[in-house]
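Here is a brief report on one protein model. Please keep the sequence and the 3D view open while you read.

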Amino acid sequence: MKILAVAGSNSDASINRQLVTYATTLFENAEVEIVDMNDFAMPIYKHQREVESGIPQQAVDFAAKIDGADVLLVALAEHNGTYSTAFKNVFDWTSRIKPRTVWNEVPMLLMATAPGGRGGLGVLEAAEKRFPSHGGNIVDTFTLPFFNDNFDKVAQKISNEEKDNELREKIQKISAIESILEK
């Protein structure tokens, strides 16, 4: 199984990258690639720029990574209730590649975490509404509230047993779907 893990943040200290990285360790016998939004930095999307210069190679490369994956783990950073600018720009450029859809119907576990009690719920709600229109096959969602209290930064794992078990169940669910698709 090939897993593409995406942290929708360009922060070097991204808590969503820590979460998605931990989630990848819960899969058995998987080939994992964790992408860094900084590797896909492009000019801000503008229609005129697209007409004059075409789609940047970084967007094409991001799309190819999605197409090569069996499962997507997407952990979105919440900025003012929605996606980070770094993620949104990659999403916008990738959406311009025709005739594909951004997520290409690859089974996805959508996640978020934040320091506060909502745990990135706003960005998850935004993504749950938007992603299906762009080929998002959202199998399940997971949110980790109070990141600093519920994630052990030394061990790099969820320290809250209830939330850890919840994530493990969701990983099993998406793994089972992928196993069915392989047959």
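The report covers the sheet, a helix contact and the aromatic side chains.

## Basis

This is a predicted model: local features need pLDDT of at least 70, side-chain atom pairs count only at pLDDT 80 or more, and totals for chains, interfaces and linings use all residues. Numbering starts from 1 along each chain as its sequence is written, and side-chain values use heavy atoms, with hydrogens and water left out.

Helices (H or I, at least four residues) and strands (E, at least two) are DSSP runs, numbered from the N terminus.

## The sheet

Five strands build an open, parallel sheet in the order β2-β1-β3-β4-β5. Strands pair if DSSP finds at least two bridges between them. β2 (31-35) and β5 sit at the edges, each pairing on one side only. From one strand to the next, the twist averages 20°.

Strand β1 (residues 2-8) runs parallel to β2, and five bridges join them. Ile 3 has Val 32 of β2 as its bridge partner.

## Helices α3 and α4

Two packed helices are described by the angle between their axes and the distance between the axes. For α3 and α4 the angle is about 85° and the axes are 9 Å apart. Axes are lines fitted to C-alpha atoms, for helices over the stretch in contact; angles run from 0 to 180 degrees between N-to-C directions. α3 is therefore roughly perpendicular to α4 (under 35 degrees is roughly parallel, over 145 roughly antiparallel, 65 to 115 roughly perpendicular, the rest oblique).

Ala 59, Phe 62 and Ala 63 of α3 meet Val 90, Trp 93 and Thr 94 of α4. Contact means heavy atoms within 4.5 Å. The contact residues divide into five nonpolar, one polar and no charged (nonpolar: Ala, Val, Leu, Ile, Met, Phe, Trp, Tyr, Cys and Pro; charged: Asp, Glu, Lys and Arg; polar: the others, Gly among them).

## Aromatic pairs

The whole structure holds 14 aromatic pairs. Rings of Phe, Tyr and Trp (its six-membered ring) pair if their centres lie within 6.5 Å; planes under 30 degrees apart are stacked, over 60 edge-to-face, the rest tilted. Phe 62 and Trp 103 are edge-to-face, because their planes stand at 75°, with centres 6.4 Å apart. Phe 62 lies in helix α3 (residues 57-67) and Trp 103 in the loop between α4 (85-95) and β4 (107-113), so the pair ties together parts 41 residues apart in sequence. Phe 62 is buried at 1% relative accessibility, and Trp 103 at 0%. Buried means under 20% relative accessible area, exposed over 50%, partly exposed in between (1.4 Å probe, protein chains only).

Phe 87 and Phe 131 form a tilted pair, with centres 6.2 Å apart and planes at 40°. Phe 87 is in helix α4 and Phe 131 in the loop between α5 (121-130) and β5 (137-144), 44 residues apart. Both Phe 87 and Phe 131 are buried. One aromatic cluster takes in Phe 40, Phe 62, Tyr 83, Phe 87, Phe 91, Trp 103 and Phe 131.
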